[in-house]
Amino acid sequence: MASPLSPIHHLPFLSSTSTATTLTRRSLLLSSTLTTTLPTTPLSLPPQLDTNITDRVYLDFSLCPTYFRNATAADSTHLCSDPAPLGRLVLGLYGNLLPLTVSTFKRMCTSSSYKNTLVHKIFPGQFFQAGRQGRSREYGEVRLPPALDLPRNTETVDSKAFLLKHSRPGVVSLCLSENDDDDEVKLDSEYRNVEFLITTGPGPCPQLDNNNIVFGTVLEGLDVVTAIASIPTYKPSERIRQLNDLAEFFGDERAQKGRSLWNRPLKTVYISDCGELQVTKPSMSPTLP
């Protein structure tokens, strides 16, 4: 009589092969059962953004090697006596994704409100800024005509408006975190932000992401963007930076005025003309990757 503690290998009808086969069948049965009974969780895909180009505008840029005169009511066309053309940018705008931002920018171009205004900041290897508003059009600042009557841009407080990234050269973006309009202008109840930036490359600008609204791309004229980016700018010495930080620490308002000169181009580069180009295929995609 066999002992109750006899090892299992004394039983001839149980072999290692049959045990392995039984376990394999059980595992297959178990896996198929779990597959059919457990609910499947769909993968969360990123939202599809409509970056089809609905509008095209152009900006002509020029250099003024001599004195850049102030605009007057009687003469607002020839601000530079001997301009040197840099070339034209053709911008494609994402009107389906950001209708308010695109509409405002397009109206600024078609009304010539950007015409004869300066590129006032250049950050080498990153971006340049234009469309700064001042109390007058002295020094080539933007001044919005009352008749333009731009609507309030509610997209500036919509999180969906910040999903596109500053991932390459030629990205056109509405300045929010980088905006440096005159403080007195911002206090006006009719103030509308129309300052914009264009990335120059060669790499992305992740510091701009989630803080500024990408609403278009450069379709033609990246060589012009490169030419603007290569213009030398004012760079303060380390000593001046330290004194400025100290002045800011003690609440000296001159510190902010001093910083407004940093990264200013040492040559006068300005928008000599602007307007709209008719789109033959409104749904066309950007030509840049």
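I began with helix α5 (residues 238-249) of this predicted model, and I noted that α5 has 12 residues and spans 17 Å from its first C-alpha to its last, close to the 16 Å expected at 1.5 Å a residue.

I then turned to strand β4 (residues 127-130) and asked which residues cover each of its faces. Phe127 and Gln129 lie on one side, Phe128 and Ala130 lie on the other, and all of these are buried.

Next I looked up the partners of β4. Strand β3 (residues 117-123) pairs with β4 in the antiparallel sense over 4 bridges, and Phe123 stands opposite Phe127 of β4. The hairpin of β3 and β4 has 3 residues between the strands, and there I noted a positive phi near 75 degrees at Gly125. Strand β6 (residues 196-199) also runs antiparallel to β4 and is joined to β4 by 4 bridges; within β6, Leu197 is the bridge partner of Gln129.

Last, I examined the second largest pocket, which holds about 350 Å³ of space. Which residues are closest to its centre? Of the 16 residues in the lining, they are Gln133, Leu144, Asp188, Glu190 and Tyr191. I also sorted the lining of the second largest pocket by class, and recorded 8 nonpolar, 2 polar and 6 charged residues.

How values were computed: Residues numbered from 1 in each chain as written. Predicted model: local features only at pLDDT ≥ 70, side-chain atom pairs only at ≥ 80, totals over all residues. Heavy atoms only, no water. 1 Å grid on protein atoms, 1.4 Å probe; cavity = no way out; pocket = protein on both sides within 12 Å on 5 of 7 lines; lining within 4 Å. Points joined across faces, edges and corners; volume = space filled by probe spheres on them. Nonpolar A, V, L, I, M, F, W, Y, C, P; charged D, E, K, R; others polar. Buried < 20%, exposed > 50% of the residue type's maximum accessible area, 1.4 Å probe, protein only. Helix = DSSP H or I, 4+ residues; strand = E, 2+ residues; numbered from the N terminus. Pairing = 2+ DSSP bridges. Expected span 1.5 Å × (residues − 1).
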